[in-house]
Amino acid sequence: MEEYLESMAAFRSEFQPRNDDILLTSFPKTGTTWLMALCHNILNLEEDEEDILTEKNPHDVVPTLDGAYLADQLPYSCLPEAVRNSGCKLVHLARNPKDTLVSMWHFYNKILRREPMSSPFPIERAVESFCSGVIPWGPFYEHVVGYWEESRKRPDEVLFLKYEELCRDPKDQVRKLASFLKNGDNDDDDDVVEKVLQRSSLGRLKELEVNKNGVLEIVPIPNAHFFRKGTVGDWKSCLTPQMAKRIDHLTQFKLRGTGLSL
Ligand code: A3P
């Protein structure tokens, strides 16, 4: 813990972003891997004929602050002033809280279970932790709302996307992301957008040898853990109606007055 706090303090005092930096700020399990692949492909499609994502997991292609500072995916309130004043761009991908929780539950069950057959972490406790905010990188709502509010104040520098909208209307959302990343200078035709989506798709990435059997370079986590179902509403397979109701009430309460719906 101390190590993290020291690292975060160093990040806040030392990190000097460039004005052409792009920081991806999503909460874990909201689709960060997808966002990384999309940004990489939008910005490098022409130069990346070899298609680096066939050899490396997106987390090993897109540099993370974790490498230098153990300070990845921080809430907006923890970012250094320098980030706010540098003109660098932030992209936030948000996801429905119940799907985020269920995705996180599956992920940590895979990482933390010593034996594949040992019991999963009780879902009731996972719901309790999520609602109290005591989860990795938590609390969830404050994290999302921080970026949402900043995106409303500084739309040219902070882009707020939703996983569900990316699933529902991928071409439109990728155009929006590309236009943001390229300062409005984006006239990609349909073929380019389709290629970006195809190269970033869950179906393709999941089946690549590197993601089936490889392990991340930055931390020893099997690449396969980052790719599961990628569906909207998968919470229904794990949460009882009572659990869902509890989270829905909390979501309503936490988002009241923000103009954000998740
Ligand atoms: P599920 O567990 O619901 O399937 P993160 O990348 O932030 O760790 O989030 C992981 C979630 O994003 C997982 O959701 C995973 O399946 C999904 N995901 C990973 N890559 C994706 C992609 N290329 N397209 C859509 N969803 C993806």
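The structure is a predicted model. Its three strands form an open sheet in the order β1-β2-β3, with parallel pairing. The proline, P80, sits in a loop between two helices, α4 and α5.

**The sheet**

- The edges of the sheet are taken by β1 (22–24) and β3 (158–162); each has a single partner strand, so one side of each is left without a neighbour in the sheet.
- On average, neighbouring strands of this sheet are turned by 20 degrees against each other, direction ignored.
- Strands of a sheet pair through backbone hydrogen bonds, in either a parallel or an antiparallel manner.
- Strand β2, which covers residues 89–94, pairs with β3 in the parallel sense over five bridges.
- Opposite L93 stands L161, a residue of β3.

**Helices across the sheet**

- Helix α8, formed by residues 140–153, lies across β2 and β3 and runs at about 125 degrees to β3.
- Helix α10, formed by residues 170–181, lies across β1, β2 and β3; its angle to β3 is about 165 degrees.

- P80 has 18 other C-beta atoms within 10 Å; a buried residue would need 20 or more and an exposed one 12 or fewer, so P80 is partly exposed.
- Apart from its neighbours within four places in sequence, P80 is in contact with F11, R12 and F15.
- A9 and P80 are 71 residues apart along the chain, and their C-alpha atoms are separated by 9.2 Å.

Terms used: Residues numbered from 1 in each chain as written. Predicted model: local features only at pLDDT ≥ 70, side-chain atom pairs only at ≥ 80, totals over all residues. Pairing = 2+ DSSP bridges. Helix = DSSP H or I, 4+ residues; strand = E, 2+ residues; numbered from the N terminus. Axes fitted to C-alpha atoms, helices over the stretch in contact; angles between N-to-C directions. Contact = placed C-beta atoms within 7 Å.
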